[in-house]
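Colleague: Could you take me through this model? I shall ask about single residues and then about the overall fold.

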Amino acid sequence: MLVLITYDVNTETESGKKRLRKVAKQCVNYGQRVQNSVFECVMDEAKCRQVKEILLKIIDEEKDSLRFYYLGNNYKGRVEHFGVKKSFDIEGDLIL
């Protein structure tokens, strides 16, 4: 299923900047960055729970925000993109 992960980390302090870097680093491991704090991730429910646990351990729920949007398996007709930075097919072939 396609899961959209978005976050807003308060960076007014050094610890906030550190949390932001950690959240971004984890999200890069599981999906494609489509905007600064927005990642498209194709994963099953078990992997999604695992990622959610990891991210919840990083953020400060009193200062930061973390959102998961579950677009399901039939997401291709639900996503439209306009403008620069075209995304690639995250389920397509990877050529190295």
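Colleague: Is Glu45 buried or exposed?

Modeller: Glu45 counts as exposed, because its relative accessibility is 56%. Exposed means over 50% relative accessible area, buried under 20%, and partly exposed in between, with a 1.4 Å probe and protein chains only. This is a predicted model, in which local features need pLDDT of at least 70 and side-chain atom pairs count only at pLDDT 80 or more, while totals for chains, interfaces and linings use all residues. Residues are numbered from 1 along each chain as its sequence is written, and side-chain values use heavy atoms, with hydrogens and water left out.

Colleague: Where is Glu45 found?

Modeller: Glu45 lies in helix H2; helices (H or I, at least four residues) and strands (E, at least two) are DSSP runs numbered from the N terminus. Between Glu45 and Met1 the C-alpha to C-alpha distance is 8.0 Å, although they are 44 residues apart in sequence.

Colleague: And what pattern does the chain follow?

Modeller: Along the sequence the pattern is β-α-β-β-α-β, with two helices and four strands.

Colleague: How do the axes of H1 and H2 cross?

Modeller: They cross at roughly 170° and come within 9 Å. The axes are lines fitted to C-alpha atoms, for helices over the stretch in contact, and angles run from 0 to 180 degrees between N-to-C directions. H1 is therefore roughly antiparallel to H2, a label given to angles over 145 degrees.

Colleague: Which residues make the contact?

Modeller: H1 contributes Arg19, Lys22, Val23, Gln26, Cys27 and Tyr30, and H2 contributes Lys47, Val51, Ile54, Leu55 and Ile58. Contact here means heavy atoms within 4.5 Å. Seven of these residues are nonpolar, one is polar and three are charged. Nonpolar covers Ala, Val, Leu, Ile, Met, Phe, Trp, Tyr, Cys and Pro; charged covers Asp, Glu, Lys and Arg; the others, Gly among them, are polar.

Colleague: Turning to the largest nonpolar core, how many residues has it?

Modeller: It has 17 residues, and those with the most contacts inside it are Ile5, Tyr7, Val23, Cys27, Leu55, Leu66 and Phe68. Such a core is a set of buried Ala, Val, Leu, Ile, Met, Phe, Trp, Tyr and Cys residues joined through side-chain atoms within 4.5 Å. Strands E1 (2-8), E3 (38-42) and E4 (65-72) and helices H1 (14-30) and H2 (45-58) each supply at least two of its residues. H2 gives the largest share, four residues.

Colleague: What does Phe68 touch?

Modeller: Leaving aside residues up to four places away in sequence, Phe68 touches Val3, Leu4, Ile5, Cys48, Lys52 and Leu55.

Methods:
Angles under 35 degrees count as roughly parallel, over 145 as roughly antiparallel, 65 to 115 as roughly perpendicular and the rest as oblique.
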